[in-house]
Amino acid sequence: MTNAATELNAIVSHSLEKLQALSEQQVTRDRGAGKWVKKEILGHLIDSAFNNEQRFLRAQMTERLVWPGYEQDRWVALQKYRERPWTELVQLWGQLNRHIVHVMTSVPPGSLNAKCVIGESDPVTLEWLMDDYVRHLRHHLNQILD
């Protein structure tokens, strides 16, 4: 199991109960002008999971993956995460990330060095991309759980 998979598995196990304990009022409370409410932050993490699962799979199928970035604000707005029940969002987030742990653990060691170009960014390895996914997830979970 890669370090990213191990860490992601621990984060999901540790965070699910805490996320489920938050009320609708807590997750829809305004956080200030231009900031997402907690529901939207979790929605962004769901979007990230969908995007990165594709990246992790496709990077194994080529020596150099070139993949578009995504307009995170538009994705969140179009999906209207504020209107979704918090319990459904938490359940989806948990299931997606359990699946991503499985995907990460299935990557052959030789594929971890596959080059990935996301949007306008410099090339990185698949392993770096997986580690970055976990860093990004941890950052946003801290915003939700603080």
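Of the 146 residues in this predicted model, 44% count as buried. The C-alpha atoms occupy a box of roughly 45 × 30 × 20 Å along the principal axes. The radius of gyration is 16 Å; a compact globule of 146 residues would have a value near 15 Å, so the two agree. Among contacts with a separation of 6 or more, 76% join residues 24 or more positions apart.

**Elements**

The protein contains 6 helices and 3 strands. Read from the N terminus, the order is α-α-α-β-α-α-β-β-α.

**Helices α5 and α6**

Helix α5 covers residues 86–106, and helix α6 covers residues 126–145. Their axes come within 13 Å of each other and cross at roughly 160 degrees. An angle over 145 degrees counts as roughly antiparallel, so α5 is roughly antiparallel to α6. The crossing is left-handed.

Helix α5 makes this contact through Trp86, Trp93, Asn97, Ile100 and Met104. Helix α6 answers with Met130, Tyr133, Val134, Leu137, Leu141 and Ile144. By class, the residues of the contact are 10 nonpolar, 1 polar and no charged.

Asparagine 97 deserves a separate look. This residue sits in helix α5 and belongs to the contact with α6. Is asparagine 97 buried or exposed? Asparagine 97 has a relative accessible area of 0%, so it is buried. Beyond residues up to four places away in sequence, asparagine 97 touches Leu8, Val12, Ala49, Tyr133 and Leu137. Tyr133 and Leu137 are among the α6 residues of the helix contact.

**Helices α3 and α4**

Helix α3 runs over residues 38–59, and helix α4 over residues 72–79. Their axes lie 10 Å apart, at an angle of about 110 degrees. How are α3 and α4 oriented to each other? Angles from 65 to 115 degrees count as roughly perpendicular, and α3 and α4 are therefore roughly perpendicular to each other. The crossing of this pair is right-handed.

From α3, the contact uses Glu40, His44, Asp47 and Asn51. From α4 come Gln72, Trp75, Val76 and Gln79. These residues divide into 2 nonpolar, 4 polar and 2 charged. The contact of α5 with α6, by contrast, has 10 nonpolar, 1 polar and no charged.

**Around the loop between α4 and α5**

Tyrosine 81 is placed in the loop between α4 and α5. Its relative accessibility is 3%, so tyrosine 81 counts as buried. What does tyrosine 81 contact, leaving aside neighbours within four places in sequence? The partners are Lys39, Glu40, Gly43, His44, Ile46, Asp47, Val76 and Leu89. Glu40, His44 and Asp47 also take part in the contact of α3 with α4, as does Val76 on the α4 side.

With a relative accessible area of 46%, lysine 80 is partly exposed.

Leucine 78 lies in helix α4. At a relative accessible area of 64%, leucine 78 is exposed. The C-alpha atoms of leucine 78 and isoleucine 144 are separated by 21 Å, and the two residues are 66 apart along the chain. Isoleucine 144 is one of the α6 residues in the contact with α5.

**The segment after α6**

Aspartate 146 lies in the segment after α6. Its relative accessible area is 75%, so aspartate 146 is exposed. The C-alpha atoms of aspartate 146 and serine 121 are 30 Å apart, with a distance along the chain of 25 residues.

**Accessibility of selected residues**

| Residue | Relative accessible area | Class |
|---|---|---|
| Asparagine 97 | 0% | buried |
| Tyrosine 81 | 3% | buried |
| Lysine 80 | 46% | partly exposed |
| Leucine 78 | 64% | exposed |
| Aspartate 146 | 75% | exposed |

Key: Residues numbered from 1 in each chain as written. Predicted model: local features only at pLDDT ≥ 70, side-chain atom pairs only at ≥ 80, totals over all residues. Heavy atoms only, no water. Axes fitted to C-alpha atoms, helices over the stretch in contact; angles between N-to-C directions. Helix = DSSP H or I, 4+ residues; strand = E, 2+ residues; numbered from the N terminus. Parallel < 35°, antiparallel > 145°, perpendicular 65-115°, else oblique. Left-handed = near helix turned anticlockwise from the far one by under 90°. Contact = heavy atoms within 4.5 Å. Nonpolar A, V, L, I, M, F, W, Y, C, P; charged D, E, K, R; others polar. Rg over C-alpha atoms; globule rule 2.2 N^0.38 Å. Buried < 20%, exposed > 50% of the residue type's maximum accessible area, 1.4 Å probe, protein only.
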